[in-house]
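Thank you all for coming.

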Amino acid sequence: MCLSEMKENQKGLIQKINGDSRFVSRIVSMGLPPNSAFLVLQNDGRSPILVYSHDTMIAINRKECNQIDVEFA
Amino acid sequence: MRTIALLGQPNSGKSTLFNALTGSHQHVGNWPGKTVERAEGFFTYGEELYRVVDLPGSYGLTANSAEEMVTRTYIEHGYADLVCIIVDAAQLERSLYMLADFVGVKSPVMLILNMMDVAEHHGKKIDVVKLEKLLNIPVLGFVASDTDGYLRFFETMERALNTHAIISVDKARSFAETSENSVVSRLENYLSGLKLGVREKFWIASKLLENDSLVCFEIRNAVDSERWQEIKKVLDEKGVEGGLLMGEAKYRFISETLREVTTETQQQVKLSRFDKIATHRIWGKFVAFFILVITLAVSMMIAVPIIASCFGLQGVAEPLVVKMCESFGWWPSVASFVNSVFVGGLAVTVAMMGFVFAILVTFGLMEDTGYLARSSYVFDSWLSRLGLHGKAFMPLFSGLACTGGAVCGTRVLDTRGQRLFAMVLLWSIPCGAKVSVVLFLASVFFGSMAPLFGIVYVAMIFASFWLSSRLFGNKLMPVSERVGMIMELPPYHKPHWKILIKTVVRNVWAIFKKAIVVIWAVSLLFWLVSYSKDGVVEHSVLYTIGNAIEPFTQIFGMRWQLFISYLGGIFSKEASLGVMSVVFASTNDAFSLISRNEAGANLGEMMRAAVSIPEALAFIFASMFNVPCVLTMGTTYRETHSFKWTAAIAGYYFAISLGLAFVVYHIALWVF
């Protein structure tokens, strides 16, 4: 399952980040490495998704969310 | 002199610390050979002078942009005597990623846990002494906005310098190198015998695993091809996994370290009610517009009294100068020289500083409180089409109030390329004065049809955005460096008024100094060319030049009077009306060509009589994209630190405004 499929207030774990090393390093350095727990704060189906992890609120574009594999926690 | 480098993630309070440490002893320029802003400053502690280098904010030491490249290169060369890593205590785990990424660099280092007050407020307790023991480097719990705490900062800094505190790699390494995974040590073996400077083999190995382009390039050139093949084999085994592995290891190192140090009360996390609205796809935009309109209204309230008193003073000063010159028996032209160049230039500059001040304060506030990121979030989808970050919305919108001030407002953008591009766009966004001049001209010639020009104008602006993004977009913001929005929305903070106002005042002063020079130089030039002994325009150099190049300017539909008015528009939009009043009325008032800021009483009538419809159209369209004003040139020069770029942007707008005039004129000739 990818991040964009998750609904508001659902908790998840990052499994894998697909993409080039630039993309991976960006996601990791912002606080979403593999195996980190997160909470979806907002997903209205159109705007970038808001997730909360490591005390940080992060907005991620929907297209980029499709590159992030997650599972329910 | 010893050098302290400040290293931290965006929103960690790095610039607050930098400003508080260095005060007015700052120098902002460009990194040599790079288009990245370099801020450094100085302070003295004890007997010694210290240099502080504010490294561009970055989430880690991997270089994905020009800014991050600067930070990374500076750190890996070990240029600083002490690296001061500053983290947000309220977001400790995430912001310590910078420290985890730094492990393996053998430069003396200290750690500052900033915003301890906010962390405590969130129910987080951090045992600083224990953390210091675990990391074995000086650690300071700190509140950068609290000016009383700086003595402790200096003590910690001294301790770090004296003990040459270097962070050990052993612990971090143990998380990356496990019994089932020996990839780090395998890579380290291949690196033996290489000159790595301040970097441990571990640091290089982890960057290799992250597929970091700089390190890969460096090592490939440093080892023979056989050894590179071996390294490559190890890396290919891992692929992208390598980067994920290292990232995970770094966070494990952090959370293991923090487990013994922090206690926190679990809080339920959800979007605050305000954030629900502020980040809403539709309501969020309304909120942003509302805040912006309020912001601009407040800017006006701050700026208008300054502007009014300034022009009031000008009104008082000018007759005084005239009288003084008369009493000394000097030429009347001396008085006109002093008035139109020095007094007039000063008045315009000070007046505009009101806008600059207001825009910088309000943007600073939005950044401080964290709201700016919310507005970026809702507008990102609009601006990403141009390749810009959502943050650009605020400065672009405030361009409607004052182009020159908004140019300074582009500071909220993170990369220099984005800033330059936003400036390019800003020059085509009309301020109130420009709109009123264009509409005045339109109503003179086209009466009730004038509002149509408003619509055409808006369309033209969007067309110019498109053109600019075609011409400059990829150069300033390479497509390969663009990423879809991945942005932190920082928690809301109370603004630090004292530091904010101090910083803004200092910036306004610096901008004023640059702008006044440009304005005086341009005023002087205008005065010289429009000078004639008897004050008749036809006897000035300007007329001679205008007349001589008339065959050329007529290609664009502009006779010499109109072309001179167009040039006057470069000074300021109001000045172009003043110039027209002079050249069309042939009054003996050419002395004050550009210091007349208004249309003469019967300007409309005279122009209708002297200017044909195609010429009028050409002039109106040329005015739309003319160089906004000399103040904008001044602030652009100050903000880009580059004469070349300022000239390039000015040249670009010259070209589009004249090109547009050309097209419009010839079509109109054919139609009318």
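I will start with the conventions, then go through the sheet, its helices and the domain contact.

This is a predicted model, in which local features need pLDDT of at least 70 and side-chain atom pairs count only at pLDDT 80 or more, while totals for chains, interfaces and linings use all residues. Residues are numbered from 1 along each chain as its sequence is written, and chains are lettered from A, and ligands numbered from 1, in the order in which they are written.

In chain B, seven strands make an open sheet of mixed pairing, ordered β2-β3-β4-β1-β5-β6-β8; helices (H or I, at least four residues) and strands (E, at least two) are DSSP runs numbered from the N terminus, and two strands pair if DSSP finds at least two bridges between them. The edge strands of chain B are β2 (26-30) and β8 (139-141), each pairing on one side only. Strand β6 (residues 109-114) of chain B pairs with β8(B) in the parallel sense over three bridges, and B:Leu113 has B:Gly141 as its bridge partner in β8(B).

Helix α6 (residues 128-135) of chain B packs on the sheet, touching β6 and β8 of chain B, where contact means C-beta atoms, placed from the backbone, within 7 Å.

Chain B is divided into domain 1 (2-168) and domain 2 (171-264), with bounds from an automatic or database domain assignment. Their contact takes 26 residues from domain 1 of chain B and 23 residues from domain 2 of chain B. On the domain 1 side, the largest share, four residues, comes from α6(B).

Technical notes. Two residues are in contact if their C-beta atoms, placed from the backbone, lie within 7 Å. Axes are lines fitted to C-alpha atoms, for helices over the stretch in contact, and angles run from 0 to 180 degrees between N-to-C directions.
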